[in-house]
Amino acid sequence: MGFVGVNALTTRRDPRRTSGRGSRCRRSWVVCSVSNIDSALVSKAGKADLKWDELGFAYVNTKCFVKCVYKDGKWGEMTIETDPYVKVHIGATALHYGQSCFEGMKAFTGKDGKVRLFRVDENAKRLQTSTERMVMPEVPTNMFIEACKLSVRENIEYAPPYGFGGSLYVRPLMFGSGARVGLQPADEYTFVVLVTPVGDYYKGGLSPVTAFVQTKYDRAAPQGIGNVKVGANYAADILPFQICKSKGYPINLYLHPKTGKTVEEFGTSNFIALKGNSYVTPDSPSVLPSITNKTLMHLAAEMGMQVERRPVTVEEIVDFDEVAACGTAVVITPVTRLVHNDEVIKLGNYDDQVGPRFSELYQTVRAIQNAEVEDRYGWTFDVME
């Protein structure tokens, strides 16, 4: 595949990169061999000069990112880039035709001081589904995982310390960087992994919110690209989401684009609900498969719940005991009110409070992520290994 496996970082300076006045100040290192990882590196976690308790979900510049280019049918060398800007050809397919996809996951500093990625292997699989749909070359699973680990290690001082509720958000991104004028796949692709420290997506953490039902806009078309993580899906939500926020609601809910009678998903999160002993989530080909939802379904089944993936009608939302949005950024966001056609509808049985079973599921996931309990599932990946 042309990929140099990286279990540790040994680099050489790229002679094409220079620094100093009048020259290109961008610096780059090439990952060129495997060596032992400095075990003392993990002690630098959380040492960046940041106010950890004031972090929001916003971009914070870090030290560097990882980059790898696919050209002439193979992946090139992995490099460490310190300039936060990427030079792109004016004819790049990502710019003209949206040929790009991405992933999102988090790295956590655990109670034991180790920094771990959560379910990074699942993100690798989902990116492969996206690249296949977008006619892009596959990023091998081992390359994906090592690139994510490397990016975290190189920026480990930005991993929020244990106890502050924050994490290091990891964003792998792949885009067509080769020049094309006609509609066709690129002949060159760029894969990058950036990281940034984040706090809660919604201030207050696990707190109930009111959702706004979108009836004038659709997130994705049936048989379109709603089930893959590509930029175009999120671009479709920018205007509706701004309208939603202008009305005072932090989250919007999309319905089936053809019938408007069944639930699809929230703007950036899956829809989940509890009824009796059932965990319910919509079964739709245009919904993005959430890794968080997959995690919650597994845990719910272990708790003895019946997991149901099926069509969810708009009318039955009011009958659920608990309703929530789930995703990487929040794990679970309880939804206790819904605004539909200007009508405010109360949801659930807990009067604007977090329901007990979603609270239990949330705490279970967070305990695994923070190494407060044993990871019996193999979901966490030590970035130093």
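## A buried tryptophan and its aromatic partners

W75 has a relative accessibility of 1%, and it therefore counts as buried, in what is a predicted model of the protein. Y70, at 18% relative accessibility, also counts as buried, because the limit for that label is under 20% relative accessible area.

A search of the whole structure finds 11 aromatic pairs. One of them joins Y70 and W75 in an edge-to-face arrangement, with 5.2 Å from centre to centre and an angle of 70° between the planes. Another pair, formed by F212 and Y249, is stacked, its ring centres being 5.7 Å apart and its planes 5° apart. This second pair links distant parts of the chain, since F212 belongs to strand β11 (residues 209-214) while Y249 sits in the loop between α4 (231-246) and β12 (251-255), 37 residues away. F212 counts as buried, with a relative accessibility of 13%. Y70 and W75 also belong to one aromatic cluster together with F144, Y189 and F191.

Across the protein the pLDDT averages 91, and 90% of the residues score at least 70. Residues 1-25 have a pLDDT below 50, although this stretch makes 66 contacts in the model beyond its near neighbours in sequence. Where pLDDT is low, the predicted coordinates should not be read in detail.

## The nonpolar core

The largest nonpolar core contains 47 residues, and those with the most contacts inside it are L117, F144, V152 and F191. At least two residues of this core come from each of β3 (65-71), β5 (78-81), β7, β8, α2 (120-133), α3 (141-154), β9 and β10 (188-198). The largest share, 7 residues, is supplied by α3.

Which residues does F191 touch, leaving aside those up to four places away in sequence? They are V66, K67, C68, W75, L127, V139, M143, F144, A147, P172, L173 and M174.

Strand β7 runs antiparallel to strand β9 (residues 167-176), to which it is joined by 3 bridges, and M105 stands opposite V170 of β9. Another 3 bridges join β7 to strand β8 (residues 115-118), again in an antiparallel manner, and here F108 has R116 as its bridge partner. The hairpin formed by β7 and β8 has 5 residues between the strands, and within this hairpin G113 takes a positive phi near 90°.

## Salt bridges between separate elements

The structure holds 14 salt bridges. One of them connects K71 with E188, whose closest N and O atoms are 3.8 Å apart. Because K71 lies in strand β3 and E188 in strand β10, this pair ties together parts that are 117 residues apart in sequence. K71 is partly exposed, having a relative accessible area of 46%.

A further salt bridge brings together the side chains of E122 and K125, at 3.5 Å from N to O. These two residues are 3 residues apart in helix α2, so about one helical turn separates them. E122 is buried, with a relative accessible area of 11%, whereas K125 counts as partly exposed at 44% relative accessibility. E122 also forms a salt bridge with K294, the closest N and O atoms being 3.0 Å apart. That pair links distant parts of the chain, with K294 in helix α5 (residues 291-302) and E122 in helix α2, 172 residues apart. Through salt bridges that share partners, R119, E122, K125 and K294 are joined into one network.

## Two loop residues with positive phi

V135, although not a glycine, has a positive phi of about 55°, and this residue is found in the loop between α2 and α3. At 53% relative accessibility, V135 counts as exposed. D351 is likewise not a glycine and has a positive phi of about 45°; its place is the loop between β19 (343-346) and α6 (356-369). With a relative accessibility of 54%, D351 counts as exposed.

Key: Residues numbered from 1 in each chain as written. Predicted model: local features only at pLDDT ≥ 70, side-chain atom pairs only at ≥ 80, totals over all residues. Heavy atoms only, no water. Pairing = 2+ DSSP bridges. Helix = DSSP H or I, 4+ residues; strand = E, 2+ residues; numbered from the N terminus. pLDDT = per-residue confidence, 0-100. Contact = heavy atoms within 4.5 Å. Phe/Tyr/Trp six-rings, centres within 6.5 Å; stacked < 30°, edge-to-face > 60°. Buried < 20%, exposed > 50% of the residue type's maximum accessible area, 1.4 Å probe, protein only. Core = buried A, V, L, I, M, F, W, Y, C linked by side-chain atoms within 4.5 Å. Salt bridge = Lys/Arg side-chain N within 4 Å of Asp/Glu carboxyl O.
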